[in-house]
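Subject: Structure handover and notes

Hi,

Here is the structure I promised to pass on.

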Amino acid sequence: SEPAADRRDLVGRRIVVTAGGTREPLDPVRFLGNRSSGKQGVAIADAARARGAEVVLIAANLEVADPAGCDIRRVSTALELQAAVTAAAAGVDAVVMAAAVADYRPASVSESKIKKDASDSGLTLELVRNPDILAELGRAPHDGTILVGFAAETEPDDDARLALGRAKRAAKGADLLVLNRVGWTEGFANDENAVTIIGRDDTVVTEVHGAKLSVADAILDVVGSLLTE
Ligand code: CTP
Ligand code: CA
């Protein structure tokens, strides 16, 4: 097939991509965060733009440079990301949820810096659940919009990890789920990625290993084929 860079197969398509990791503030100087750099999501935005799509990138605390030519909307918390996705998603061709969204946020945010007490021996934080943004998109009417979820799992066994991915795709009502294995050293801030793309009928649509930009193109190939189905 043609090199991805020469393809303009997404001209006229509108794609929303979320990238990075949310941060949930505890006080004015602290947050609960995660290790997502935003590289894979930014690579998808970049590749979609290169293939002619109009791209809205919802960027949560990126540790990488902004891609050129995208409409970038900066957010930090899960609730901000949800508001930005909801505002951008209506009627688009695809929503690609590559961002790592915090499952919980502190039940309350302290207006001043939390101080330790000379007598305390620890601190217990109370957290509340954040909305599941992808699952809510999946449940709401989204005629023709392809929903793409991601799952970074530490499960080392390939079959068990695939089963987690299949269950997650179904639970979220996503059309595709991009599954990858992560650990203390694998997956984050790397230029490479190895993913399995799970489709609607629980089939493994494709497995790709390579630079995050080639993985991005492979994901967009699958999205593109669903859009022309
Ligand atoms: N996601 C989301 N909203 C959340 C949490 C996750 O939209 N509050 C999205 C992520 O962007 C990703 C997909 O759901 O595309 C799967 O995220 P993941 O954290 O793997 O799934 P969870 O349902 O949160 O399950 P787990 O308990 O394994 O974290
Ligand atoms: Ca989660």
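Below is what turned up, starting with the ligand and working through to the loops.

Some housekeeping before that. This is a predicted model, so to speak: local features need pLDDT of at least 70, side-chain atom pairs count only at pLDDT 80 or more, and totals for chains, interfaces and linings use all residues. Residues are numbered from 1 along each chain as its sequence is written, chains are lettered from A and ligands numbered from 1 in the order in which they are written, and side-chain values use heavy atoms, with hydrogens and water left out.

**Ligand 1**

Ligand 1 has 13 residues around it, and the closest are Met97, Ala99, Leu134, Lys168 and Lys172. (A residue counts as near a molecule or strand if one of its heavy atoms lies within 4 Å of it.)

Which residues make polar contacts with ligand 1? The term here means a pair of N or O atoms within 3.5 Å; within protein, one must be able to donate a hydrogen and the other to accept it, and residues adjacent in sequence count only if both atoms are side-chain atoms. Lys168 is one of them: an N or O atom of its side chain sits 2.7 Å from a ligand 1 oxygen. Leu134 uses a backbone N or O atom instead, 2.8 Å from an oxygen of ligand 1. Ile133 also contributes through its backbone, with a polar atom 3.0 Å from a nitrogen of ligand 1. On its own, ligand 1 has 570 Å² of accessible area, and the protein covers 74% of that. Areas come from the Shrake-Rupley method with a 1.4 Å probe, and for residues only the protein chains shown count as cover.

**Salt bridges**

The whole structure has 16 salt bridges, each being a side-chain nitrogen of Lys or Arg within 4 Å of a carboxyl oxygen of Asp or Glu. For burial I use these classes: buried is under 20% relative accessible area, exposed is over 50%, and partly exposed is in between (1.4 Å probe, protein chains only).

- Asp27 and Arg30 meet at 2.6 Å, N to O. Asp27 counts as buried because its relative accessible area is 3%, while Arg30 is partly exposed at 34%.
- Arg73 and Asp71 also meet at 2.6 Å, N to O. Arg73 is partly exposed at 32%, and Asp71 is partly exposed at 35%.
- Asp9 and Arg7 pair with their closest N and O atoms 3.9 Å apart. Asp9 is partly exposed at 37%, whereas Arg7 is buried at 15%.

**A nonpolar patch**

Tyr104, Ile114, Leu123, Leu125 and Leu127 make up a nonpolar surface patch, with about 450 Å² of accessible area together. Patches are made of residues with over 30% relative accessible area and no salt bridge; like charges are joined within 9 Å, and nonpolar side chains (Val, Leu, Ile, Met, Phe, Trp, Tyr) within 5 Å. Leu125 belongs to the loop between β7 (104–106) and β8 (127–129), and it counts as partly exposed because its relative accessibility is 38%. Helices (H or I, at least four residues) and strands (E, at least two) are DSSP runs, numbered from the N terminus.

Ala194 is opposite His209 of β12. Five residues lie between the strands of this hairpin, and one of interest is Asp202, whose phi is positive, near 70 degrees. Asp202 is partly exposed, with 31% relative accessibility.

Asn61 sits in the loop between β4 (54–60) and β5 (71–75).

Is Ser37 buried or exposed? Ser37 counts as buried because its relative accessibility is 5%. Ser37 lies in the loop between β3 (30–32) and α1 (39–50), and a polar atom of its side chain is 3.2 Å from the backbone nitrogen of Lys39.

Finally, Gly12 is in the segment before β1 (14–20) and is exposed at 63% relative accessible area. Gly12 and Ala53 are 41 residues apart in sequence, yet 6.0 Å apart in space, C-alpha to C-alpha.

Cheers

Methods. Pairing = 2+ DSSP bridges.
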